[in-house]
Amino acid sequence: MPRRPRVPPRAPARPRPSPSGDSPGALQLILLLAVAGGMFVLCAGGFGVAWFLAGRQPEGAQERPEAPPPSDPGPPSEPEPDAPWFRRVWAVAHDDGGKGRLLAVSDDGARVFAQDALGVRVLDGRTGGAITRLAGSGVPTGRAELWPVGKDMVMLAGAPQPFPSLWHAATGTQPGEVVPGRALPPATPDAPTRWAVSPDGRYLFVGARPKVGGPAGGMILFKVFEVASAQPVAQTWWQGGNARFTADGQRLFVAETTGRCRSFRVAGGVQEAGWTYPANDVAAPLVSMSADGALLLYDGRPAGLEAGRYLIDGKNGQVLRAVDADTLGVTPDGRHLYGIGDDTVTLSAARTGEPIVREPLPPGSAKAWAFRADGTAFVVHDPEEKELRLYELRGPVPDEPAVATPPALSPVPDPLPPLAFGPPVPPFPPFGPPVPPFPPFGPPPIGPPPPVVTPKSSPAVVTPLPPPPPALKARWNVAAEVGTVQLEARFAPHFTSDGKAIAQHGGSTGAVLVYDATDGAARPTFTGLKGPATQLWLAAFGDRIAAPAADGKVSAWLAGSGAKADPIPFPEMPAGGPSSAALHRVVSPTGRYTAAGRRPVSNSRDPTPVRILDTTTGKLVVDATWQVQSSTGQVAFTTDELRVLVMDGTGKGKWYRLPSGQPDGEWAANPEQTVRTARVIAMTADGSRLVYSGQLPGGGSGAALLDGKTGAVVRRIDNPPYQPMAASLSPDGRLIALPVSEFRDGVQWHVDVLEAATWKKLGRVSPPREHGTDVPLPRFSPDGKTIAVMFRNARRLALYDAPDPAVPLPAAAP
């Protein structure tokens, strides 16, 4: 390994003169001149002052050895800085919770990402202040990679998460999947997957790797997806490694552990360059790359050299020079390399290797670090002090030393023959089934790899997004100050059975907001129900509203006046033990019937009671048991209150007639199901159709529109792009309202209204543009003529006219 060039130490600054500039000789001369007289004093004094001023230097200038003045002094030289090259901008406490965790700085330096035991902290890169935290489902718990997507989003990838997750860096929310998980290769512990996303978020690279312990040289596919349409636009065989996109997202460089390196044009899949080095034992040979791909930082054994880190010409594979193993990256403009090692930070000229800045790190045992893309700032983590520190270069990068570029270490390797990505990828509808349109991920079939095709025969296949459905216009929209509102249908707006009022759950605020359905005018707000949102439910029945407080006591009031209503009786339940403490309670549309069921808070398999009470007679009309978990199991009444469906957590639905309580048929979504995760999301007025989530007939799980009588699947609901957990069905079953995500201009959520029989999109409800990153919650009115939608981020409630399937849609704009 070549030794790192040494930078000559800076000469220490000599002490500066006293600010006054006085000296003993000068004082004696002034006294003597004062005695001599006026004119003599004037002349001599002028001489003395001139001598005095000539002995002073400007503030901050460095003294130089005495030398004859040059004939042409030229411009004055810049003074050498008195402080270190890098200054500490901020330091904050941070415990990474273990080794090998992510630390990153955004390309513009505006954010710092630091992983700990609870997720990924997002800090302000200028001040170190906390912005948000990426936590929950989708955040890797071990070693992770972070990729910027535009200016406001990032993609996280790493074990044990099987697929990458997309996050808003400013809010810590997830707008949805980057590409549907079912279209991506299966992730297994012995076949890890490599990911990369283009900086503009348009393309996603997905590269499966040969199984550990599998046959040497095993080949497997990698693919490039267009994110907006979820379509694979390119694919070919590789043998593991890693990849990066250029800054404009138009080119992809792939480096394999076998030593093969290839550069592709994404649009069209044309191989623009390619060469082969000896095989290496590095899982990710491509360390860094300039913005245009002209310079590569490569880790391996190129051109028969020793294992190490090298600067490579990205156009032809020529090895330009060796660099220290401490070198971490090349700046986007390709001018500089940066790195940290031996408690020293270095910024050097890329082509010559001459150091421009070298400086010891402050005392501390920094074990993790990350640089800004331009190499002028970096953040380090000190595990002993449990502290993050950000340092920034005090000024512009100094000029590079005038040193001749050293000769290349290798000749230009033989180029690989022209090769496109592989056979054309047949198109298929957005989010359609992943097979058979394109080959599945996994070991290739028996026989040779796909034949080589010319670039002309393998155009990129990009299915453009269809135009959005017609926008629905709001009758009214009003402010709705809610707190944390969970993504569940029970937190959507609730209509009273006469359709005259709308009640909106206030989530964690403990309030219930009520509005006039005609014009959105606010009616009395009910408070005093403070408690976690998970403990609160809301029921609108007749002209009344009911909700429980955190202690479980249910209050009821009149929706119009806000006056207190009579208490609501619920079935008496046997005392629940530690494993069955939660209650699921439901009120029928007019309030005649109430239901209650125990929901275990543990994974107990013991059946728990579920009962239905006729409040007019005080008689239990249903006294049964069910198998549920803490968030599964639903009781749903038909609008005419002649039947009730009891759905347990195993996917078994059982109907009862009312008021007799006699069984009226049952079905099971999957008779073999043992995982208790089934739930009913929405149901029509007569129960003939329902939206269901759980295990499905024939195996597998998901969401579907079911026949309420038989449990047969009428239509599966793709998730993504839809979010069925907040679905709503019109009372007559003709329409379904589904939240939907699109990556048309960044991830945005809308509510699409579809004809249930044909799945034709009839209309779309969209939130304000700046608040479109969270899932809206829709609900049809009792007559099915309007839809109320709660926009959680925007804190707005709006009412829309439901589209009529019989009315032709307006022509799409050209």
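This is a predicted model: local features need pLDDT of at least 70, side-chain atom pairs count only at pLDDT 80 or more; totals for chains, interfaces and linings use all residues.
Residues are numbered from 1 along each chain as its sequence is written, and side-chain values use heavy atoms, with hydrogens and water left out.

Let me start with the chain as a whole. Its secondary structure comes to two helices and 54 strands, where helices (H or I, at least four residues) and strands (E, at least two) are DSSP runs numbered from the N terminus. Of the 814 residues, 49% count as buried, and buried here means under 20% relative accessible area, with exposed being over 50% and partly exposed in between, for a 1.4 Å probe and protein chains only. The accessible surface comes to about 38200 Å², and 56% of that belongs to carbon and sulfur atoms; these areas come from the Shrake-Rupley method with a 1.4 Å probe, and for residues only the protein chains shown count as cover. If we take contacts (heavy atoms within 4.5 Å) with a separation of 6 or more, residues 24 or more positions apart account for 50% of them.

Now to the strands around S4. Strand S4, residues 119–124, is mostly covered, since six of its six residues are buried. S3 and S4 form a hairpin with two residues between them, and Gln115 has Val120 in S4 as its bridge partner. S4 also pairs with strand S5, residues 130–134, again in the antiparallel sense, over four bridges, with Val122 standing opposite Thr132 in S5. The hairpin of S4 and S5 has five residues between the strands, and in it Gly128 takes a positive phi near 80 degrees.

Next, an open sheet. Which strands form it, and in what order? Four strands do, in the order S9-S10-S11-S12, with antiparallel pairing. Strand S9 (193–197) and strand S12 (231–238) stand at the edges, and because each has a single partner strand, one side of each is left without a neighbour in the sheet. Neighbouring strands are turned by 15 degrees against each other on average, direction ignored; the axes behind such angles are lines fitted to C-alpha atoms, for helices over the stretch in contact, and angles run from 0 to 180 degrees between N-to-C directions. Within this sheet, S10 (residues 203–208) and S11 (residues 220–226) pair over five bridges in the antiparallel sense, and Phe205 has Val224 in S11 as its bridge partner.

Val254 counts as buried, at 0% relative accessibility, and, leaving aside neighbours within four places in sequence, its contacts include Phe205, Phe222, Trp238 and Phe264. Val254 and Arg244 are 10 residues apart in sequence, and their C-alpha atoms are 6.8 Å apart in space.

A second open sheet of four strands has the order S44-S45-S46-S47, also with antiparallel pairing. Its edges are strand S44 (679–683) and strand S47 (713–717), each with a single partner strand, so one side of each is left without a neighbour. The twist averages 25 degrees from one strand to the next. S45 (residues 689–695) and S46 (residues 701–707) pair over seven bridges, and Val691 stands opposite Leu705 in S46.

Finally, the aromatic rings. The count comes to 14 aromatic pairs, where rings of Phe, Tyr and Trp (its six-membered ring) pair if their centres lie within 6.5 Å, and planes under 30 degrees apart count as stacked, over 60 as edge-to-face and the rest as tilted. Trp275 and Tyr277 form a tilted pair, 6.2 Å centre to centre with 55 degrees between the planes; Trp275 is buried at 1% relative accessibility, and Tyr277 is buried at 4%. Phe371 and Phe378 form another tilted pair, at 5.3 Å and 35 degrees, and these two belong to a cluster linked by ring pairs that also holds Phe86, Tyr338 and Tyr391.

Key:
Two strands pair if DSSP finds at least two bridges between them.
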